[in-house]
Amino acid sequence: MEPVNVAVIYYSTSGNVYALAEAAAEGARKAGARVRLRKVAETAPPEAVAAHPAWARHHEDTAEVTEAVHGDLEWADAVLFGTPTRFGNPAAQLRQFLDSAGPLWFRGKLADKVYSAFTASNSAHGGQESTLLALGNTFCHWGGILVPPGYTGPEQPASANPYGTSHVAGDGPPGEAVLEAARHQARRVVGVAAALKAGTAAA
């Protein structure tokens, strides 16, 4: 059977979610998947980005990362989405990309895929769970199959969020425990997607 196709699609301002996305991509590759790591387009005005040094620096450092397009969603058997929290919701940049996928949804191209999500907020109670649950609402409308990490690996109690890998940015860059949680989440996604793909092929 062909390998599972996994798209890791993220938005990041200062690099924390990008680090989680890289870890998720690594976990998916090591689980045998073909992986596309993609960022969504920046929609904030250039002057807003330039006014925040960390944002501007990360924007420049990741200039070579390919931007996500609808074809990445269509190609993928599974998609992991990453976003910082914004008032308990996904960032507008990621939300814009999701909202623009309506034509694919209308044609049934987003159904029966595996979806999962990860996030970061400045504080432990900064809206991580509500952000992940909000993304889950979209996956349900798409007819997707939600695969959260739950408490299925030894690293999950350390990350303490069964809804999706979550990082507290106020504590500094993601450490090894949270990066391993992202890798585990991606491996779990690959495993479920592979089982679905095999079952569909055998049907």
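Let's start in a loop: Phe87 sits between strand E3 and strand E4 (89-90). This is a predicted model, and in it Phe87 has a phi near 55°, a positive value in a residue other than glycine. Is Phe87 buried or exposed? Phe87 is exposed, with a relative accessible area of 86%.

Asp112 also has a positive phi without being a glycine, this time near 65°. Its loop connects helix H6 (102-106) to strand E5 (114-121). Asp112 counts as exposed, since its relative accessible area of 63% is over the 50% cut-off.

| Residue | Phi | Relative accessible area |
|---|---|---|
| Phe87 | near 55° | 86% |
| Asp112 | near 65° | 63% |

Now for strand E1 (residues 5-10). Six of its six residues are buried, so E1 is largely enclosed by the rest of the structure. In a regular strand, side chains alternate between the two faces of the sheet. Here both faces are covered: Asn5, Ala7 and Ile9 are buried on one side, and Val6, Val8 and Tyr10 are buried on the other.

Which strands does E1 pair with? One is E2 (residues 34-39), which pairs with E1 in the parallel sense over six bridges; there, Val6 stands opposite Val35. Another is E3 (residues 78-86), which runs parallel to E1 and is joined to it by five bridges. On that side, Ile9 has Phe81 as its bridge partner.

Definitions and conventions. Residues are numbered from 1 along each chain as its sequence is written. This is a predicted model: local features need pLDDT of at least 70, side-chain atom pairs count only at pLDDT 80 or more; totals for chains, interfaces and linings use all residues. Side-chain values use heavy atoms; hydrogens and water are left out. Buried means under 20% relative accessible area, exposed over 50%, partly exposed in between (1.4 Å probe, protein chains only). Helices (H or I, at least four residues) and strands (E, at least two) are DSSP runs, numbered from the N terminus. Two strands pair if DSSP finds at least two bridges between them.
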